[in-house]
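Open the model in a viewer and keep the selection panel at hand.

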Amino acid sequence: MDASKPNEPNLDQGRSIPRSRPGNDEVLEGEIIGKDEPLARPAPTPPSSPPKRGLGLRKTLLLVIAVAAAGLCLGGSITAYILYDKATTPDRSTPEGVIEQYLEAKFSSRDNIRARLFECPTASLKEVDAALAAVKEREAKFAIRITVKPARFDVSAAGTQAEVKATLNVFVPEADGRETVSLQEWRFVLEKSHSWLICSAEQL
């Protein structure tokens, strides 16, 4: 007897007995499949990606604030640079203006590098250096700070040459807290190429 065929009289002896399907639902060899039954399990449909959303209101607001803040910082930096450049660039458009800035750099700021911005390349200013040395010596002796400021200018200019007679006030602190003021008369000679520069100075 063929062991693959059943003994029951009501069964078709020529039909093979279907075997159970494996877990992956594949079609087995010799398996009887209905006419309308698919041969294999359909592949699962991949989940659709969620729809993209635009920036939320909060993110948009934060972005606008960040852009505005960056613009303000940039504008502030440019303004600060312009103001700094204007404040540090020497004004050498007039003889008296040049002398005033020169005296401030020489006697008040004690900044020789800035003072040279107002000097001719071949300037003879030994008397100014000697006056500054005398001021420093007196300051060190009495532990005081002496201030030198211009009081009056008398300008005589012709073409690219100018002679300026300047009256300087010298303020000296005293022990009782008051200041004594002495006057010094100076004569400055300036020349102009692109701007006015001091070429010589002497105390009168």
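Two residues are in contact when heavy atoms of theirs lie within 4.5 Å. With that cut-off, residues 24 or more positions apart account for 42% of the contacts in the protein chain with a separation of 6 or more. Bear in mind that this is a predicted model.

Start by selecting the whole protein chain and colouring by secondary structure. There are four helices and five strands, and from the N terminus the order of elements is α-α-α-β-α-β-β-β-β. Next, show the surface: the protein chain exposes about 15,300 Å², of which carbon and sulfur atoms supply 56%. Of the 204 residues in the protein chain, 22% are buried.

Now select residues 95-108, helix α2, together with residues 126-142, helix α4. The two axes come within 10 Å and cross at roughly 40°. Show side chains where the helices meet: on α2, pick Y102, K106 and F107; on α4, pick V128, D129, A131, L132 and V135. Six residues of this contact are nonpolar, none is polar and two are charged.

Stay on α4 and select E139, which lies in that helix. Is E139 buried or exposed? With a relative accessible area of 9%, E139 is buried, because the cut-off for buried is under 20%.

How values were computed:
Residues are numbered from 1 along each chain as its sequence is written. This is a predicted model: local features need pLDDT of at least 70, side-chain atom pairs count only at pLDDT 80 or more; totals for chains, interfaces and linings use all residues. Side-chain values use heavy atoms; hydrogens and water are left out. Helices (H or I, at least four residues) and strands (E, at least two) are DSSP runs, numbered from the N terminus. Buried means under 20% relative accessible area, exposed over 50%, partly exposed in between (1.4 Å probe, protein chains only). Axes are lines fitted to C-alpha atoms, for helices over the stretch in contact, and angles run from 0 to 180 degrees between N-to-C directions. Ala, Val, Leu, Ile, Met, Phe, Trp, Tyr, Cys and Pro count as nonpolar, Asp, Glu, Lys and Arg as charged, and the others, Gly among them, as polar. Accessible areas come from the Shrake-Rupley method with a 1.4 Å probe; for residues, only the protein chains shown count as cover.
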